[in-house]
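Let's walk through a protein model together, one piece at a time. Keep the picture turning as you read.

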Amino acid sequence: MGSVSLKIGDGTARFRRATLCSSAVNILMLFSVVTTNLFALYAFTSSSNFPKDQHRLLLHQTHKNISLISEQVSLILREIDSSQKKLAQMEKDLLGYDSIDLTRPNTPTELKAFLNHHTLPLGKDSRTGITEMVASVGHSCEKSAELLSQYMSYKTSGPCPDDWSLAQRLILRGCEPLPRRRCFAKTVPKVGLSSFPFSLWKNVSAKSVTWSGLGCKNFECLSSKKLSRECVGCFDLGSGAEKQRFVKARSKNDFVIDDVLALGGGGMRVGFDIGGGSGTFAARMAERNVTVITNTLNIDAPYSEFIAARGLFPLFLSLDHRFPFYDNVFDLVHAASGLDVGGKPEKFEFLMFDIDRILRPGGLFWFDNFHCANEERKKDLTRLIERFGYKKLKWVVGVDTASGSIYLSAVLQKPVRKYTAFNIVMKFLQYRNKGINCLFSLLQTDGRG
């Protein structure tokens with residue numbers, strides 16, 4: 001998930017934007033000042049035209065009117081202030097987060113130091129418009145305040161606690177990005193590393209990775225487990241099915257890398273692999289001079305260190321986080337069942353739009369054996385894909401007869417979108433015609449009934 005600039009101390013934010021409520025307050029204050037002055041001016045200028053008793057009565061009435069106006073203005077201001085507080089609380093309830101309260105007892109000193117605002121020494125920056133530097137921390141960290149305090153409790157300039165699993169727990173709870181720390185991470189000697197490209201298929205030494213916080217303590221243990229649909233014996237690089245992946249099809253849903261690259265018509269240079277297991281997809285692409293970044297977390301296994309030991313680039317990031325890449329930079333995005341974020345349609349839709357953002361026009365999006373629990377899930381996925389207007393270069397649906405599960409494999413090509421007024425109107429007419437046709441069909445069905 002994204003990040004926000006957190007409120008510190010008195011709750012002062014980095015930027016203050018003029019709101020409708022604040023504008024209304026300013027207008028009311030101006031109105032009250034003008035009205036008061038007009039009444040006073042009227043009272044003083046009209047004194048010569050009235051007898052003394054009438055003048056005193058008029059002056060009394062004027063002061064009474066001014067008091068009534070002041071009371072009304074004060075009442076309106078109190079109502080506006082109350083409404084602003086209610087709106088702020090509603091916003092917190094809708095967004096699901098609050099700012100971190102650093103006045104809470106037992107808040108680590110290092111957390112306070114990291115989150116403090118730092119005023120720019122030369123004042124406002126002319127290029128960005130900011131006046132101070134504010135630390136960025138995941139907005140859901142407030143919900144895991146105790147874990148965050150535990151994470152930020154360490155000796156400054158000393159060794160960091162061996163708590164990478166705690167950091168991963170925070171990330172999986174939406175506390176991402178994590179605050180930086182001023183301590184030295186635990187070092188593990190990287191023994192037996194080979195030079196590239198020999199490192200791609202040489203087994204990694206168990207001594208070169210961190211096993212703390214994991215159930216298994218060696219790769220033999222991991223090889224005997226089914227860690228995920230994409231990782232069955234995936235740490236055994238010397239033999240087994242891992243070495244055949246992407247170069248030899250095991251079923252109709254398996255695509256061969258060379259066939260997919262041929263569909264792109266050349267120009268494949270950089271790619272992104274989502275939930276890439278032990279990095280075999282990136283290894284096969286590296287053999288074809290394509291650089292691939294592998295997104296992974298260390299769920300039950302040391303994926304990140306293993307991928308790095310192969311001479312590949314692991315990205316330690318959850319799928320709830322916005323991808324830290326600029327728009328339209330990747331030639332290829334590869335994803336398997338790890339793309340499914342808990343089966344939640346809204347989260348999956350946000351994720352798909354972020355993938356579309358980083359994929360260049362003409363680039364390929366490779367769905368690799370994406371697991372659909374049932375036919376309805378496949379239909380929902382198909383409808384979502386069709387919204388993007390991708391060209392279907394390959395589309396294969398397979399069914400597991402034993403479980404009834406459906407697997408979708410596809411190679412899609414991102415279109416070049418030109419959002420002119422004509423295209424918008426045509427898209428509107430297209431959807432309108434679909435709706436009219438659907439309604440007409442329903443009327444025909446009712447007529448036959």
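We will look at a sheet, a pair of helices, some loops and a cavity.

This is a predicted model, in which local features need pLDDT of at least 70 and side-chain atom pairs count only at pLDDT 80 or more, while totals for chains, interfaces and linings use all residues. Residues are numbered from 1 along each chain as its sequence is written, and side-chain values use heavy atoms, with hydrogens and water left out.

Start with the sheet. Strands pair through backbone hydrogen bonds, in a parallel or an antiparallel way. Here seven strands make an open sheet with mixed pairing, in the order 9-8-7-10-11-13-12. (Strands are DSSP runs of E with at least two residues, helices are runs of H or I with at least four, and both are numbered from the N terminus; two strands pair if DSSP finds at least two bridges between them.) Strand 9 (313-316) and strand 12 (391-399) are at the edges with a single partner strand each, so one side of each has no neighbour in the sheet. From one strand to the next, the twist averages 15°. Strand 10 (residues 330-335) and strand 11 (residues 359-372) are parallel partners over five bridges, and Val333 stands opposite Phe365 in strand 11.

Now find helix 10, which lies across strand 7 (270-274), strand 10 and strand 11, at about 145° to strand 11. (Contact means heavy atoms within 4.5 Å; axes are lines fitted to C-alpha atoms, for helices over the stretch in contact, and angles run from 0 to 180 degrees between N-to-C directions.) Helix 10 (residues 345-358) also packs with helix 11 (residues 375-387) at about 35°, their axes 11 Å apart. Among the residues in this contact are Phe348 and Met352 of helix 10 and Leu381 and Ile385 of helix 11.

The loops deserve a stop too. Between helix 5 (164-172) and helix 6 (219-223) lies Pro177, and the peptide bond from Glu176 to Pro177 is cis, with omega near 5°. Pro197 is in the loop between helix 5 and helix 6, and the bond from Phe196 to Pro197 is cis as well, with omega near 10°.

Finally, how many cavities of 30 Å³ or more does the structure hold? There are two. (On a 1 Å grid over the protein atoms alone, a cavity is a set of points where a 1.4 Å probe fits but cannot get out, and lining residues have an atom within 4 Å of a point; points are joined across faces, edges and corners, and a volume is the space filled by probe spheres set on them.) The largest has a volume of about 60 Å³, and its lining includes Val191, Lys202 and Ala309.

Technical notes:
On a 1 Å grid over the protein atoms alone, a cavity is a set of points where a 1.4 Å probe fits but cannot get out, and a pocket is an open set with protein on both sides within 12 Å along at least five of seven lines; lining residues have an atom within 4 Å of a point.
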